[in-house]
Amino acid sequence: MEIGALAARYGLAAHVLRHWEAVGLLSPARQGNGRRRYGPQDDARVALIVRAKEAGASLEQIRDLLTAGDGAGRREVLARHRAALVLRMERIRSSMEMIGHVMECPAEDFFECPEFRRMLGADQAQAPKARR
């Protein structure tokens, strides 16, 4: 398959696939005229890259996954990424709780709300001052 067809399949611009090739994530075959040809393995790699990016992985993390060498190495890379995702999900959950509180907070200025300040971990801090 040609670059445009593969890129379109995933809703990407062709230059994205060229960039991924430049950073070592893809290595398509070349025709005699130098044009890239993507096969089923490349298609699977692009699918993996797209999914990994959706899950918050950086291109460097994805390259580590793709070059890990074997199943055990790949699982190790994924275990590290999973641990980072768990932490990120906890922070997102905490942020959602804080926003939920602010939306229902009876305080005129939620920065003055003791519960909001507790959620921030700023019980002892003063309310932010206006910038000049």
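Predicted model: local features only at pLDDT ≥ 70, side-chain atom pairs only at ≥ 80, totals over all residues.
Residues are numbered from 1 along each chain as its sequence is written, and side-chain values use heavy atoms, with hydrogens and water left out.

**View 1. The span of helix α5, residues 71-104.** Helices are DSSP runs of H or I with at least four residues, numbered from the N terminus.

**View 2. The buried residues of α5.** Gly73, Val77, His81, Met98 and Val102 are buried in this helix, where buried means under 20% relative accessible area, exposed over 50% and partly exposed in between, for a 1.4 Å probe and protein chains only. The buried residues of α5 pack against α4 (59-66) and α6 (114-120), and contact here means heavy atoms within 4.5 Å.

**View 3. A cluster of Phe110, Phe111 and Phe116, linked by ring pairs.** Rings of Phe, Tyr and Trp (its six-membered ring) pair if their centres lie within 6.5 Å, and planes under 30 degrees apart count as stacked, over 60 as edge-to-face and the rest as tilted. The structure holds three aromatic pairs. Phe110 and Phe111 have ring centres 5.0 Å apart and planes at 25°, so this pair is stacked. The rings of Phe110 and Phe116, with centres 4.9 Å apart and planes at 80°, form an edge-to-face pair. Phe110 is partly exposed at 30% relative accessibility, whereas Phe116 is buried at 6%.

Terms used. Helix = DSSP H or I, 4+ residues; strand = E, 2+ residues; numbered from the N terminus. Expected span 1.5 Å × (residues − 1).
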